[in-house]
Amino acid sequence: MKRTLKQFLFGGLIGGLIGSFIVTGEFTLPLYEIATEMTIVFLGIALLLAVGGYIKLAQLKRQSLQQLSGEDEDLHEENLYKLYSDASLAINMSLIISIAGACVGIITEQSIGIQILSVPIILIAIIAIPLVGNYIKYVYPYREIPSYNDKHYTKKMFEMSDEGERHIMLQGLYSAFNLTNILLLCSLLLCMFYSVASGESQLFAILIIALILITVNTKYILKVRNR
């Protein structure tokens, strides 16, 4: 059902763009006209997500102090992991959206006040990234969690996970890998279409997306082939 809904929405988007192009003979998104509002909305959402992420981390630390046993302990650990995952997602989304907001502000030459406003919001998200990495110790207090500053942090975290956790992580990564390929390929087509329809060249973006696709797929195939 979800897959069908996604295909329907995507087909509707592509169909709408093509239809608009056929009817009007040209198509240009009014991004510059709404750039100020878009920048403020992006930065506002990024700030809210960052604050939400910090709140989740504080809840995680406080609730990790509770001492439970039996089934309550299992539910408690599950709840801690959900808090950690929510915080991680919120902080990562905050960083991405805040950078996107700053890019929109700079490219469209927004006021210096708006551009400066993006700096502390980006910093808040950046500071939280290592914090999230280190707070995993509150989810698994009985494990020896490596420091986030360790250059082999990701490898050590993967090795310390049990078989079940690794299976779940690999499923998530493989699913994300396939989705990334699909979305980037669609982005290539959309950029090509928008360039033709609007007369605004997206060639640089097309080349960057193609380079990312080549790099990611080559890295994945070589990693699997050489194991």
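Predicted model: local features only at pLDDT ≥ 70, side-chain atom pairs only at ≥ 80, totals over all residues.

Student: Why is Pro146 called buried?

Tutor: Buried means under 20% relative accessible area, exposed over 50%, and partly exposed in between, with a 1.4 Å probe and protein chains only. Pro146 has a relative accessible area of 12%, so it is buried.

Student: Where does Pro146 lie, and what is it in contact with?

Tutor: Pro146 lies in the loop between H4 and H5; helices are DSSP runs of H or I with at least four residues, strands are runs of E with at least two, and both are numbered from the N terminus. Contact means heavy atoms within 4.5 Å. Leaving aside neighbours within four places in sequence, Pro146 contacts Tyr153, Lys156, Met157 and Met160.

Student: What makes a set of residues a nonpolar core?

Tutor: The set must consist of buried Ala, Val, Leu, Ile, Met, Phe, Trp, Tyr and Cys residues joined through side-chain atoms within 4.5 Å. The largest such core has 16 residues, and Tyr135 is one of those that touch the most other members. H2 (35–63), H3 (71–107), H4 (112–134) and H5 (153–160) each supply at least two residues, and H3 gives the most, with 5. Apart from this core lies another, of 6 residues, including Leu184 and Cys191.

Student: What makes the space lined by Thr39, Leu43 and others a cavity?

Tutor: On a 1 Å grid over the protein atoms alone, a cavity is a set of points where a 1.4 Å probe fits but cannot get out, and lining residues have an atom within 4 Å of a point. The structure holds 1 cavity of 30 Å³ or more. H3 gives the largest share of the lining, 4 residues.

Student: How many disulfides are there?

Tutor: A disulfide is a pair of cysteine sulfur atoms within 2.5 Å, and the count by this rule is 0. Cys186, at 17% relative accessible area, is therefore called buried, and so is Cys191, at 14%.

Notes:
Residues numbered from 1 in each chain as written. Heavy atoms only, no water. 1 Å grid on protein atoms, 1.4 Å probe; cavity = no way out; pocket = protein on both sides within 12 Å on 5 of 7 lines; lining within 4 Å. Points joined across faces, edges and corners; volume = space filled by probe spheres on them.
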